[in-house]
Amino acid sequence: MTTPAAVALTTATFLGMEFVAWFMHKYVLHGALWFLHRSHHVRHPHHFERNDFFFLFYGALSMAGIMYGSAEKSWPFWVGIGIAAYGSVYFFVHDVLIHGRLRFWRKSSNKYLRALNMAHKMHHKTTGRDGSEEFGMLWVSPKYFELALRKPAPGRQRQRRNISASSNS
């Protein structure tokens, strides 16, 4: 497979995984597999959730593609790489940035990340199986971008108050 074709296939797989994640989240996790996903929607004292087992499915799918296609670097290899790349971004964005499971990044002033966080909070507003919205991971509805643009970034208000207080002195 040529390098441009490999890059195109990996990119298409990565982008396609957003649709797969949305579909699976909306119709499977909030459907038949709610008994596993529910752990992600309720507060609990544990570091891990039953919901964390879903990475095994996508990890196995990715690994199978990488292993099956690795000898010739054929299309299953690049599909596996695309799935692995999406899983890595998913972990960093969803688990680290949004849910703070690794506490090295708190709040962001980035409009996209703030809009994504708002959309995700709206998804978790409903703790039951039904009534949620915003099932994707990287795609954000335009209404959350508008909110992120209108609402000041965390910490910015304090800076403005300190600046205006010192200029009044």
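Q: Which residues have the most contacts inside the largest nonpolar core?
A: In this predicted model, the largest nonpolar core has 14 residues, and those with the most contacts inside it are Tyr86, Val93, Ala115, Met137, Leu138, Val140 and Tyr144. Such a core is a set of buried Ala, Val, Leu, Ile, Met, Phe, Trp, Tyr and Cys residues joined through side-chain atoms within 4.5 Å. Local features need pLDDT of at least 70 and side-chain atom pairs count only at pLDDT 80 or more, while totals for chains, interfaces and linings use all residues.

Q: What is Met137 in contact with?
A: Setting aside neighbours within four places in sequence, Met137 is in contact (heavy atoms within 4.5 Å) with Glu18, Tyr86, Val89, Tyr90, Val93, His94 and Leu116. Residues are numbered from 1 along each chain as its sequence is written, and side-chain values use heavy atoms, with hydrogens and water left out.

Q: Moving outwards, is Phe19 buried or exposed?
A: Phe19, which has its place in helix 1 (residues 3-32), is exposed because its relative accessible area is 53%, where buried means under 20%, exposed over 50% and partly exposed in between, with a 1.4 Å probe and protein chains only.

Q: What does UniProt annotate as "transmembrane region"?
A: The unreviewed UniProt entry gives that annotation to residues 6-24, 53-71 and 77-98, though annotations may be inferred rather than shown by experiment, and positions are in the numbering used here, with feature names shortened.

Q: How far apart are the end C-alpha atoms of residues 6-24?
A: They are 26 Å apart, and the chain over residues 6-24 is 100% helix and 0% strand. For residues 53-71 the end C-alpha atoms lie 29 Å apart, with 84% helix and 0% strand.

Q: Switching to loops, where does Lys73 lie?
A: Lys73 lies in the loop between helix 3 (54-69) and helix 4, and has a positive phi of about 50° although it is not a glycine. At 39% relative accessibility, Lys73 counts as partly exposed.

Q: What about Ser109, where does that one lie?
A: Ser109 is in the loop between helix 4 (75-98) and helix 5 (111-124). Its C-alpha atom is separated by 9.3 Å from that of Ala148, 39 residues apart along the chain.

Notes:
Helix = DSSP H or I, 4+ residues; strand = E, 2+ residues; numbered from the N terminus.
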